[in-house]
Amino acid sequence: MQLTLGPVLYHWSPERWRDFHYRIADEAPVDTVVVGEAVCSKRAPFKQDYLPGVVERLQAAGKQVVHASLILVSLPRERRQTSELMSAEDIMVEVNDLTCLAFPRDRPHAIGPFVNVYNEATAGFLARRGATRICLPPELPLAAVTAIATALPETAIEVFAFGRVPLAISARCYHARAHKLTKDNCRFVCEQDPDGMPVRTLDGAGFLSVNGVQTLSHGCAGLLRDVPLLRRAGVASLRLSPQDCDMVAVAQLFRDVLGERIAPEEAERRLGEIYPGVPLANGFLHGAPGHARVGA
Amino acid sequence: MELICPAGTPAGFEAAVEAGADAIYCGFRDETNARNFPGLNFSREEMRRSIAIAHQRGVKVLVAINTFARAGALALWQASIDDAVDAGADALILADLATLDYAARRHPEQRLHVSVQAGAANPDSIRFYAESFGARRVVLPRVLSVPEIAAIIRESACETEVFVFGGLCVMEEGRCSLSSYATGKSPNMQGVCSPASHVTYEERDGEIVSTLGGFTINRFGKGEPAGYPTLCKGRFSTPKGSGYIFEEPVSLDAAIMLPALRAAGVTALKIEGRQRGRAYIAQVVRSFRRTIAALDAGKPAPAAGLATMTEGQASTVGAYRKTWR
């Protein structure tokens, strides 16, 4: 099984974003890295200057580089960005909205976790149109993962295995709203929360996390102990979604579990030290509420 | 502009016909439709009979088969499509690429509408659905402003349908798994959001506390009406303060936006609420019928007077005004 590093969903400073990818290139045992801005089109220009350097460094390190498209496309600027991405030569695009498919592309592409692939017929439809990799929506249970991976042996099926789980996207910016700002004049306050703004219940229980127009889970997907199940299901790759923690160490842990160099239970214990204070969850895979931790 | 009305039961269906609906949308009693609540929706026979009644009165019926088909169980969704076509549906409302692809190939003459669950929010995405499946209409997600809708219509060959009254989704529909995270029941897979089976109300220290899937969604002080704990309309706590961080418990009421929506070129206006009773359907449909008639006659629209039908007696025009964002 391979490892994929998903796009940074948060608004990290451009330099931090660049340095993070440089270190991933040099040190992280991942096979594929998804770059670019998927959440908010207003943030995209910040990365633009550093993107070529990041891509070059990742490719020089032998990583496959994939460029993420936006999740929600509504403004003219966003349509333009999407069209440009799909018409760019020599890059692999990860489609996060079906808008991308309106721009035909004879080159292979990937499907991201924000496209609704819930069954083998939808996966087959996308594969016939050129999708060679599909990262399934995080809420899919194992039975669906198995059915899709079994039906499409030629398509690399990926599962969301680490990181706060993206749960919703809106036209409204909840970060701006919390700061009593409008989306148009947001002052990029989301930069203050490199791991998302915590949303607790009125009892103080961790529940959700706000990242601009996106809502994520408070709990962190942690599928280390499910690796044998995912392997049997025919999953080709595990997605690690960047959080504000040592992602090189996270990738190394997953690599060691895949290589059976470390027991999953021990790996989970260490994961808790690398990314402390955030409960691990795997409920979605087991058909339980997403926040649940099944089998621990 | 056509008036599209909800029906969760044959009785609600007849109420919508009586009240002046141009078309009614409804679904089968199973997980293939996105309002899969207990005691709601239509058996095959009820669907056939209701469609016959509607057609006698010149009313169209749009059958919603708008969840995402369960892997390994596509036959259930395909059977719903075949049965709806067989029962005489005027259009199918679909969201999943698998169901759109099946319907377009198996029933090439059948009119297909793209469900709001498909999240088609721009002209390119709509073009993809029109070109791939021959979709004739798209139901737009509740994240667009009126100028954005007007721009979509200018560029699209597809008809557009927009929500004007009822529940307000603040997340893009079809791409929200908040409910699934809290309860294990998913809008996309099981057709439910914030399901009643996972709701509790309890009294704590003189306050009413509502929970969903064990998470506190709201607390109500003395005398404050305890609303339903719809997840995205709860009170939560953040480092910037506590409150309704996503949206207040309000309903969508876009009656005052009707002239603008009409000028934008919207084909159809949709009322939400397949889970609501006959009285709701009758009153809301009549009110919007009057408003549309006034607009058609070039007269000022009468006040809707629907406050009692809204959540918490509060309403918003939501994303139709850009300031909402």
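Tutor: Leaving aside its neighbours within four places in sequence, His67(A) is in contact (heavy atoms within 4.5 Å) with Val35(A), Leu51(A), Val55(A), Leu85(A), Ile91(A), Met92(A), Val93(A) and Glu94(A). This is a predicted model: local features need pLDDT of at least 70 and side-chain atom pairs count only at pLDDT 80 or more, while totals for chains, interfaces and linings use all residues. Residues are numbered from 1 along each chain as written, chains are lettered from A and ligands numbered from 1 in written order, and side-chain values use heavy atoms, without hydrogens and water.

His67(A) belongs to strand β3 of chain A, residues 64–68 (helices, H or I of at least four residues, and strands, E of at least two, are DSSP runs numbered from the N terminus). With 10% relative accessibility, His67(A) counts as buried (under 20% relative accessible area; exposed is over 50%, partly exposed in between; 1.4 Å probe, protein chains only).

Next, a helix in chain A. Helix α10(A) covers residues 264–274, and its buried residues are Ala267(A), Glu268(A) and Leu271(A). Viewed down the axis of α10(A), these buried residues fall within an arc of 100° (taken from the directions from the helix axis to the C-beta atoms), so they line one face of the helix. An α-helix has 3.6 residues a turn, so residues three or four places apart point the same way. On the face of α10(A) turned away from the buried side are the exposed residues Glu265(A) and Glu273(A).

The aromatic rings come next. Over all chains, the structure holds 17 aromatic pairs (Phe, Tyr or Trp rings, the six-membered one for Trp, with centres within 6.5 Å; planes under 30 degrees apart are stacked, over 60 edge-to-face, the rest tilted). One of them is the edge-to-face pair of Phe46(A) and Phe188(A), at 4.9 Å centre to centre and with 80° between the planes. This pair links distant parts of the chain, 142 residues apart: Phe46(A) is in helix α2 of chain A (residues 44–48), and Phe188(A) is in the loop between α7 (174–178) and β8 (197–200) of chain A. Phe46(A) counts as partly exposed, at 33% relative accessibility, and Phe188(A) counts as partly exposed at 24%.

The rings of Phe162(A) and Tyr275(A) have centres 5.9 Å apart and planes at 65°, so this pair is edge-to-face. Phe162(A) lies in strand β7 of chain A and Tyr275(A) in the loop between α10 and β12 of chain A, so the pair ties together parts 113 residues apart in sequence. Phe162(A) is buried, with a relative accessible area of 0%; Tyr275(A) is buried as well, at 5%. Ring pairs also link Tyr174(A), Phe207(A), Phe215(B), Phe236(B) and Phe246(B) into a cluster.

Last, a strand in chain B. Strand β2(B), residues 23–26, is covered on both faces: Ala23(B) and Tyr25(B) are buried on one side, Ile24(B) and Cys26(B) on the other. Three bridges join β2(B) to strand β1(B), residues 2–6, and the two run parallel (strands pair if DSSP finds at least two bridges between them). Ile4(B) has Ala23(B) as its bridge partner in β2(B). Four bridges join β2(B) to strand β3(B), residues 60–65, which run parallel. There, the bridge partner of Cys26(B) is Val63(B).
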